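The sequence and structure come next.

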Amino acid sequence: MQNHHLGVSLKKFEENSALSNFFKILTTSVDEDDKVYITTVKAKMYPVTGFQWHPEKNAFEWGSSAIPHTEDAIQVTQNVANYFISEARKSVNRPPARKVLDNLIYNYKPTYCGKSGKGYDEVYIFSTAAEKPS
């Protein structure tokens, strides 16, 4: 799923030494005007990956016919998730278990919005930073 209106062209990327020295291009796509733009980059020396597309939507969003739900599309979602998890596991940072449990998304209730056609099936609505779930 690609739902962006601005992107970085190959030419602009290559002309910008700060970008081209830091990132390696992994994928490109063609927009509706047949212009090629960069869709996935990975830092050459750091654990940083950037996406100009939505790898999560294939498996979890059903409100738009523009989102592919083919077996291949779902496999892409799973592969990206597995990659992120493998990168996170490389970190030596280990927060205390209580802090992890206190910050899990499962502590909050999503609101179903799929029928309204706003583009997201579920959203989390937080009214204040101090409010805790009941």
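## Salt bridges and sheet

The side chains of E87 and K90 form a salt bridge, with 2.6 Å from N to O. The term salt bridge stands here for a side-chain nitrogen of Lys or Arg within 4 Å of a carboxyl oxygen of Asp or Glu. E87 counts as buried because its relative accessibility is 17%, and K90 counts as exposed because its relative accessibility is 60%. For these words, buried means under 20% relative accessible area, exposed means over 50%, and partly exposed lies in between (1.4 Å probe, protein chains only).

The model is predicted: local features need pLDDT of at least 70, side-chain atom pairs count only at pLDDT 80 or more, and totals for chains, interfaces and linings use all residues. Residues are numbered from 1 along each chain as its sequence is written, and side-chain values use heavy atoms, with hydrogens and water left out.

The pLDDT is the predictor's confidence in each residue, on a scale from 0 to 100. For the protein chain its mean is 88, and 93% of the residues reach 70 or more. Confidence is highest in helix 2 (residues 17-22), at a mean of 97, and lowest in strand 5 (residues 122-123), at 80. Helices (H or I, at least four residues) and strands (E, at least two) are DSSP runs, numbered from the N terminus.

How many salt bridges does the rule give? The count is 3, and they are set out below.

| Side chains | N to O distance |
|---|---|
| E87 and K90 | 2.6 Å |
| K11 and E15 | 3.1 Å |
| D102 and R98 | 3.1 Å |

K11 and E15 both belong to helix 1 (residues 10-15), where they are 4 residues apart, about one turn of the helix. Both K11 and E15 are exposed. In helix 5 (residues 97-102), D102 and R98 are separated by about one helical turn, because they are 4 residues apart. D102 is partly exposed, at a relative accessible area of 35%, while R98 is exposed, at 55%.

The sheet is open and consists of 3 strands in the order 1-2-3, with antiparallel pairing. Strand 1 (23-30) and strand 3 (49-51) are at the edges; each has a single partner strand, so one side of each lacks a neighbour in the sheet. From one strand to the next, the twist averages 25°; axes are lines fitted to C-alpha atoms, for helices over the stretch in contact, and angles run from 0 to 180 degrees between N-to-C directions.

Two strands pair if DSSP finds at least two bridges between them. Strand 1 and strand 2 (residues 36-43) are antiparallel and share 7 bridges. K24 has K42 in strand 2 as its bridge partner. The two strands make a hairpin with 5 residues between them, and D34 in the turn has a positive phi of about 60°.

T40 is located in strand 2. Is T40 buried or exposed? T40 is buried, with a relative accessible area of 5%. Contact means heavy atoms within 4.5 Å. Leaving aside residues up to four places away in sequence, T40 touches K24, I25, L26, T27, T49, G50, F51 and W53. The side chains of T40 and W53 are also joined by a polar contact of 2.7 Å. A polar contact is a pair of N or O atoms within 3.5 Å; within protein, one must be able to donate a hydrogen and the other to accept it, and residues adjacent in sequence count only if both atoms are side-chain atoms.
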